[in-house]
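Trainee: I have a new model open and would like to learn how to read it. Could you take me through it one feature at a time?

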Amino acid sequence: MRVIIKPDAAAACLTAARMFAKLVHQKPAAVLGLATGGTPVGCYAELIRLHRDEQLDFSRVTTFNLDEYVGLARTHGQSFYAFMFEKFFDHINIDRTRIHLPDGMASDLDAMCEGYEQAIATAGGIDLQLLGIGSDGHIAFNEPGSSLSSRTRVKTLTAETIRDNARFFGDEASVPRLSVTMGVGSILDAKRCILLVTGEKKAAAVRGAIEGPLTSQLTASALQFHRHAVAILDEAAASWLTRRDEYRFAESSMPDTDIWRPS
Ligand code: PGA
């Protein structure tokens, strides 16, 4: 896995945004895999700025989000659907018919999940997938113990994730217990992946993902299987990596927006 370490969270988000912008320039009808959470907000803010100031054109882009809570209406302020419009879609020229998020209110969730996988395949697969990591090492809502070949499905959230996300809901009791999430296998099918992580709280999970053994107990470690995965970290998130200096050395001769270099 390629590892890029930036001085702070803002610089890490900027680097991720530039990679997305470069892809959209090169392939205007790109299929983007998007993520929610506190971490990617800076990345979306920079993409909005590039749209506003430099006419970055999203009109032909298609998007698929990783996950959604089960049982929250799309109008609920904490649904990932609402988050994505507030933080990103409302501020760019995306065609709304090309926006996809799993529907956590579907009456037949299994059929919805299957349809979601089919929609990704019909769109030609995801060109570039943005990922965060949970403090328990999850990617999307693939909690510890998730099958490393899982597809989009209903997944229970761990107590740790519920605690982590309580900050968005005000209290733990209000956090949904179930999600619909792309699987680890669905994520590994993306042509390229960016794992964007900032903050010391994630340092242990980052070490497990990048340097730990491949294990379903820390599903981000499955990215070690991916041929084009890049981790973009700030210093704090990178602070537990034992080979930090090696990653810096490798990067010192590379332009950091070159997303095409194999890992
Ligand atoms: P965060 O969430 O960006 O809000 O920390 C990341 C995740 O849980 O994947």
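Predicted model: local features only at pLDDT ≥ 70, side-chain atom pairs only at ≥ 80, totals over all residues.

Trainee: Let me begin with helix H1: which residues of H1 are buried?

Mentor: A residue counts as buried when its relative accessible area is under 20%. In H1 the buried residues are Ala-12, Cys-13, Thr-15, Ala-16, Ala-17, Met-19, Phe-20, Ala-21, Leu-23 and Val-24. The helix itself covers residues 9–26, and its 18 residues reach 26 Å from the first C-alpha to the last, close to the 26 Å expected at 1.5 Å a residue.

Trainee: What do the buried residues of H1 pack against?

Mentor: Their partners are strands E1 (2–6), E2 (31–34), E6 (128–131), E9 (192–197) and E10 (229–234), together with helix H2 (41–54).

Trainee: Then let's turn to H2. Which of its residues are buried, and what do they pack against?

Mentor: The buried residues of H2 are Cys-43, Tyr-44, Glu-46, Leu-47, Ile-48, Leu-50 and His-51. They pack against H1, E2, H3, E6 and E9. H2 has 14 residues and spans 19 Å between its end C-alphas, close to the expected 20 Å.

Trainee: Now the strands. In what order do they lie in the open sheet of seven strands?

Mentor: Here is the general idea: strands of a sheet pair through backbone hydrogen bonds, either parallel or antiparallel. In this open sheet the order is E1-E10-E9-E6-E2-E3-E5, with parallel pairing. E1 and E5 (99–100) stand at the edges with a single partner strand each, so one side of each has no neighbour in the sheet. For a pair to look at, take E9 and E10, which are parallel and share five bridges; there, Val-197 has Leu-233 of E10 as its bridge partner.

Trainee: Is Thr-63 buried or exposed?

Mentor: Thr-63, in strand E3 (residues 62–65), is buried, with a relative accessible area of 1%. Leaving aside residues up to four places away in sequence, Thr-63 touches Leu-32, Leu-34, Phe-89, Ile-94, Arg-98, Ile-99 and His-100.

Trainee: Where would I find antiparallel pairing with strand E8?

Mentor: Look at E4 and E7. Three bridges join E4 to E8 (residues 178–181) in the antiparallel sense, and Tyr-69 has Ser-179 as its bridge partner there. E7 (residues 153–156) also pairs antiparallel with E8, over four bridges, with Thr-156 facing Leu-178 as its bridge partner.

Trainee: What does Ser-179 touch?

Mentor: Again leaving out residues up to four places away in sequence, the contacts of Ser-179 are Glu-68, Tyr-69, Val-70, Phe-141, Arg-153, Val-154, Lys-155 and Leu-157. Ser-179 is buried, with a relative accessible area of 0%.

Terms used
Residues numbered from 1 in each chain as written. Heavy atoms only, no water. Helix = DSSP H or I, 4+ residues; strand = E, 2+ residues; numbered from the N terminus. Expected span 1.5 Å × (residues − 1). Buried < 20%, exposed > 50% of the residue type's maximum accessible area, 1.4 Å probe, protein only. Contact = heavy atoms within 4.5 Å. Pairing = 2+ DSSP bridges.
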